[in-house]
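Subject: Handover of a structure, with notes

Dear colleague,

I am passing the structure below on to you, together with some notes on how its parts are arranged. Please read them with the model open beside you.

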Amino acid sequence: MNYSEAVTYLYSSQPVFHQVGAAAYKPGPENTLRLMAKLGNPHEKLRAVHVAGTNGKGSTSHLIAAVLQASGLKVGLFTSPHLVSLTERIRINGVPIPEEEVASWVTRHQTELEEIHPSFFETMTAMGFDYFVRQGVDIAVVEVGLGGRLDSTNVLTPVLSVITNIGMDHTEFLGNTLAQIAREKAGIMKPGVPCVIGESHPQTMNVFLSRAQECGILGEGLETTDCRIWFADQCGYMRSRRLREAPECELKGIYQEHNLQTAYVALQVLRNYGAISIRPSAIREGFAHVCRLTGLRGRWETLREKPLVVCDTGHNSHGLQYVAKQLKELPHPHVWIVFGMVNDKDTEVVMRLLPKGDKYHYIFTTPNTQRARTAEEMRNLTLTLPSWEGTARIPIDNPQEAFHYALDHAAEEDAVFIGGSNYLVGEALKIGNLKI
């Protein structure tokens, strides 16, 4: 089969989370391990950094990968979801897996796929690990799909585990408290494997310390030399003179400060405890050119200058609180916000966070997924919230029509923001620089 046929086969024969949500979720490693066994167990041959977290795990993974690339290593990068093409999920030194490789892999392993009946994500995990091993990567940076303990990627035993932060997302799978969610994320921690936690929190710290003790990486306590767990926000690396003098990071969202901190500490641990050679200039180079090196898209990304058009993949209250703050800080006289969400997110909390007033003009739209909230549902929700009184908002179901509306009404000195859903950002990226 060719690439188009392979993609159609995968989407039609396997449950896909980004399309149908909970029905596609297959917790546990059984299917993945069966697939790996058919492929010669590539997960056992892969040297990897494993990255989990509620938000920021994609950016952090790309930052780490960019620095490792800048150090001269051949770096695999496995992330999800994709924005435009599923080939984005599997990259080596920023280059997506070739379409012909996807077609060939699916053709070769169609019998096994029909025997095991994996989910789409389980299949992509197996494809990615197999591709990385066959291509001889020096190291792979692997982003967890959902949770950690029961995630397909957790068949790995990495050289370093990273957990960026804990927020309220996917509560139907992971739990209804921060501590419960942290326990699921902490499941990627392995015996003897160093771990970096991006952000400490009173409700989650003891969860991580308890798991670290189980894994034998806590030592006699956090202050001892045999401890192998670090809380990045307590390490102070970002205050170092060397990093203050570094070039600006290519990622412009204000929330990226946390991801930079986490990535920086993770790279120090890799160098000191993972026997990874990192060039002295590589951190500055990798951070400054992370998008160019890895192909990262959709993180407070500028798509056009006049009017300013920005998109961002923040999609839950934990991530969108930073986007909301950045929207409030935009100096433009009017901000046109094309916004849509899916139905398993904390939409009402997000609606309370977003900026309101005469300056802001909302165009609610319906992301291209079965899980989407409709534009009308989004608008109607704001009618129940008194804080929205006096703020312009209209529903336009079709995302491209919504983009057109915003651009037709925005003056050159205005700003347009597109976000609330990965799928909406993906639609915007398909149009290029939005000269439509």
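Helix α4 (residues 57-70) lies across β1 (48-52), β2 (75-78), β5 (139-143) and β6 (160-163), and its direction makes about 170° with that of β5. Helices (H or I, at least four residues) and strands (E, at least two) are DSSP runs, numbered from the N terminus, while axes are lines fitted to C-alpha atoms, for helices over the stretch in contact, with angles running from 0 to 180 degrees between N-to-C directions.

Please keep in mind that this is a predicted model, in which local features need pLDDT of at least 70 and side-chain atom pairs count only at pLDDT 80 or more, whereas totals for chains, interfaces and linings use all residues. Residues are numbered from 1 along each chain as its sequence is written, and side-chain values use heavy atoms, with hydrogens and water left out.

The strands that α4 lies across belong to an open sheet of 8 strands, ordered β4-β3-β2-β5-β1-β6-β7-β8, with mixed pairing; two strands pair if DSSP finds at least two bridges between them. At its edges are β4 (95-96) and β8 (229-231), each of which pairs on one side only. Strand β7 (residues 195-197) runs parallel to β8 and is joined to it by 3 bridges, and valine 196 stands opposite tryptophan 230 in β8.

The structure holds 9 aromatic pairs, where rings of Phe, Tyr and Trp (its six-membered ring) pair if their centres lie within 6.5 Å, and planes under 30 degrees apart count as stacked, over 60 as edge-to-face and the rest as tilted. One of them joins phenylalanine 78 and phenylalanine 129 edge-to-face, at 6.1 Å centre to centre and with 70° between the planes. Because phenylalanine 78 lies in strand β2 and phenylalanine 129 in helix α7 (residues 120-134), this pair ties together parts that are 51 residues apart in sequence.

Turning to helix pairs, the axes of α1 (residues 3-13) and α5 (residues 99-108) come within 8 Å and cross at roughly 55°. The two helices are therefore oblique to each other (angles under 35 degrees count as roughly parallel, over 145 as roughly antiparallel, 65 to 115 as roughly perpendicular and the rest as oblique). Their contact, meaning heavy atoms within 4.5 Å, is made by Tyr3, Ala6, Tyr9 and Leu10 of α1 and by Glu99, Val102, Ala103 and Val106 of α5.

A second open sheet has 6 strands in the order β9-β10-β14-β11-β12-β13, again with mixed pairing, and its edge strands are β9 (301-304) and β13 (392-395). Neighbouring strands of this sheet are turned by 20° against each other on average, direction ignored. Strand β10 (residues 308-312) runs parallel to β14 (residues 415-419) and is joined to it by 5 bridges, with cysteine 311 opposite isoleucine 418 in β14. Helix α19 packs on the sheet, touching β9, β10, β11 and β14, and its direction makes about 125° with that of β14. Helix α17 (residues 375-383) lies across β11 (335-339), β12 (360-364) and β13, running at about 150° to β13.

Finally, the axes of α18 (residues 399-409) and α19 (residues 422-430) come within 10 Å and cross at roughly 70°, and these helices are therefore roughly perpendicular to each other. Pro399, Gln400 and Phe403 of α18 meet Leu424, Glu427 and Ala428 of α19 in this contact.
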